[in-house]
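Here's a short tour of one protein model, written for someone new to reading structures. Have a look at the picture, then read on.

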Amino acid sequence: QAIQSMVYVRRYDELKEYINAMAKEYRHSENLIKAGHSAIMTLINSKRSVAESQGIDFAVAIKCDLSQINIPPWDLNSILGNLIENAMEAAIEDTRPRVAIEFTYQDGNYILYFINNGSTIPNKNRIFEPGFSTKQSLARGYGLFLVKKLIDHYGGDLELNCERNTCFILKLPAGDISKSGQGGEKRCLNACNILH
């Protein structure tokens, strides 16, 4: 609310001072993961801080320009944030928890991989059903359902893959950019190898 108010009244110097003061205790700017997309950069760096505080090894590989993702930041953060949090929750169950995220581009689509070394998901055919959860809680089981609805709305796709680890593969349409990645199946296996 404070940030929104300062933007609205155009008190940019005060806004910069406010943000710098808030961020100072968390991380120096030279350690930030640069993503080429402000919303993604903010999300990735904040999740990395949380992961490190929980003892989770958090690896990120950005292999393309992310500037052409045509999804509003609030919906994009809902999608990515949920997938990252799920990966972290699963990984923390392992004695050496690890999460790997990879961003690539292929044939007009961004391909994102969210991999963790926690236990694999049973009943993966039901994972996007409302109310289905591997956690014992009545309040769980709607995150992936809502994420899938958002992804469908924007013309993307989400699937669960990889046998050695849990790997969610997110495909999002993009504008016309020149950088491209390798084939999806090979890239998934390469991304999974980050964990070994």
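How many helices and strands does the protein chain have? The answer is six helices and five strands, where both are DSSP runs, helices (H or I) of at least four residues and strands (E) of at least two, numbered from the N terminus.

## The ground rules

This is a predicted model, so local features need pLDDT of at least 70 and side-chain atom pairs count only at pLDDT 80 or more, while totals for chains, interfaces and linings use all residues. Residues are numbered from 1 along each chain as its sequence is written, and side-chain values use heavy atoms, with hydrogens and water left out.

## The whole chain

The protein chain has 196 residues, and 39% of them count as buried (under 20% relative accessible area; exposed is over 50%, and partly exposed is in between, with a 1.4 Å probe and protein chains only).

Now for contacts, meaning heavy atoms within 4.5 Å. Take those between residues at least 6 apart in sequence: 67% of them join residues at least 24 apart.

Helix H4 (residues 73-91) and helix H5 (residues 143-153) have axes that come within 10 Å and cross at roughly 140°. Those axes are lines fitted to C-alpha atoms, for helices over the stretch in contact, with angles from 0 to 180 degrees between N-to-C directions. On the H4 side, the contact is made by Asp75, Ser78, Ile79, Asn82, Leu83 and Asn86. H5 brings Gly143, Leu144, Val147, Leu150 and Ile151.

Tyr154 sits in the loop between H5 and strand S4 (157-161). Is Tyr154 buried, exposed or partly exposed? It counts as partly exposed because its relative accessibility is 21%.

Leave aside its neighbours within four places in sequence, and Tyr154 is in contact with Ile71, Pro72, Asp75 and Pro173. Tyr154 and Ile71 are 83 residues apart in sequence, but their C-alpha atoms are 7.2 Å apart in space.

## A nonpolar patch

Which residues make the nonpolar surface patch of about 510 Å²? They're Ile3, Val7, Tyr12, Tyr18, Ile19 and Met22. H2 (12-24) gives the most to this patch, with four residues, and helix H1 (2-8) supplies at least two.

Val7 is found in helix H1. It counts as partly exposed because its relative accessibility is 38%.

Conventions
Patches are made of residues with over 30% relative accessible area and no salt bridge: like charges are joined within 9 Å, nonpolar side chains (Val, Leu, Ile, Met, Phe, Trp, Tyr) within 5 Å. Accessible areas come from the Shrake-Rupley method with a 1.4 Å probe; for residues, only the protein chains shown count as cover. A salt bridge is a side-chain nitrogen of Lys or Arg within 4 Å of a carboxyl oxygen of Asp or Glu.
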